[in-house]
Amino acid sequence: MRAISDFPRVRLGILPTPLQKLENLSRELGKNIYMKRDDMTGVALGGNKVRKLEFLLADALAKGADTVMTTGQAQSNHAMLTAACANKLGMQALLMLKKRGVTDRKGNQILNQILGAQVEFYDTDRYTDIYEEMARRKTELTKAGHIAYEIPVGGSTALGALGYVECFRETMEQCEALGVRPDRMVSVVGSGGTYAGLCAGADLFAPQVKVTGMAVDNDPFEQISAQLKLEIGGLLELDRPLGPENIEIHYNCGAGYGIPGPEDGEAVRYLARLEGILLDPVYTGKAFSLFLRMLREGAFDGDETIIFLHSGGAGGLFAIDLPEAKKSKKV
Ligand SMILES: *Cc1c(COP(=O)(O)O)cnc(C)c1O
């Protein structure tokens, strides 16, 4: 087996992120609920992509790259964080975004501009179209004497996912120090790397901990996660492959990716008003909304200790409205 510490990694985040008990939420629901605060990874507005980029950009540096190219939708947190992390390493970011979602100068688009990223929009529904263009641009850049490094949507390669194998290990270490015995970790699933990394981490370090994924898009994430787990096992040169056994994914797509429904809006406001913690409209708000519904419907054993991963996304709050189920009352 190859240890994760053997992989090149560039320190970008402020780690470990806090692990915090949500006292008010736990009291309200009669559960033990903790939050792993990866919204506080310490670059720009924080978020899960920083951990992936520590491995991906180390690889880019090793290859001598001066330019990083990536993609996502218009309000992609991943693209914004790639630009922020690239800046820290003296690389130029080229963000080749889908012309989908909120393309105006709002939320992450404001941040991309402040960060000085080069942003281009492509009017297509398929990332394969953008990858073709990315390959073309890479050739052009190479001819002009640059070295460009390509990162796929969400940074969800096996190498990027190592960041979440590490996050799982880090969380278990914190639990041990606090005397907490977690039964389950809950994470949002967007492109799959975070969730697959956590599942692989559980296999390696604490197989008794269940890992529940809350998907916010319609892709077949059972297969995607299983494939990523195989590739993570391959990278780590394990004797036995990492199997799909602990994959458990529920879906909250609603009206579609990036479109929160009234129930999701209520969930974001509920946590903000109970704990002063801000979830986001695209990922954590929808994941938390489904998590709450499942908790209320008794989907988890009564006395489970559960850790909810807050994967960030704050920029989206300033671009995407959170619908209300009913008028909130005023004093
Ligand atoms: C990208 C993102 C996710 C999804 O992570 P994946 O590894 O792509 O599944 C979750 N939350 C936030 C805030 C994100 O930006």
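**Entry 1**

At G192, I found a polar backbone atom 2.8 Å from a ligand oxygen, and for G193 I noted 3.4 Å between a polar backbone atom and an oxygen of the ligand. I then looked up the area of the ligand, which exposes 380 Å² when taken alone, and the protein buries 98% of that (Shrake-Rupley method with a 1.4 Å probe; for residues, only the protein chains shown count as cover).

I keep in mind that this is a predicted model, in which local features need pLDDT of at least 70 and side-chain atom pairs count only at pLDDT 80 or more, while totals for chains, interfaces and linings use all residues. Residues are numbered from 1 along each chain as its sequence is written, and side-chain values use heavy atoms, with hydrogens and water left out.

**Entry 2: the shell**

I asked which residues come nearest to the ligand, and of the 16 around it they are K49, K52, S191, T194 and S311 (a residue is near if one of its heavy atoms lies within 4 Å). By class, I read three nonpolar, eleven polar and two charged residues in this shell, where Ala, Val, Leu, Ile, Met, Phe, Trp, Tyr, Cys and Pro count as nonpolar, Asp, Glu, Lys and Arg as charged, and the others, Gly among them, as polar.

**Entry 3: backbone exceptions**

A44, although not a glycine, has a positive phi of about 45°, and I located A44 in the loop between β2 (32–37) and α2. For E237, also not a glycine, I read a positive phi of about 50°, and E237 is in the loop between α8 (221–235) and β9 (247–251). Helices (H or I, at least four residues) and strands (E, at least two) are DSSP runs, numbered from the N terminus. I also found a cis peptide bond joining L15 and P16, with omega about 0°, and P16 belongs to the segment before β1 (19–21).

Methods: A polar contact is a pair of N or O atoms within 3.5 Å; within protein, one must be able to donate a hydrogen and the other to accept it, and residues adjacent in sequence count only if both atoms are side-chain atoms.
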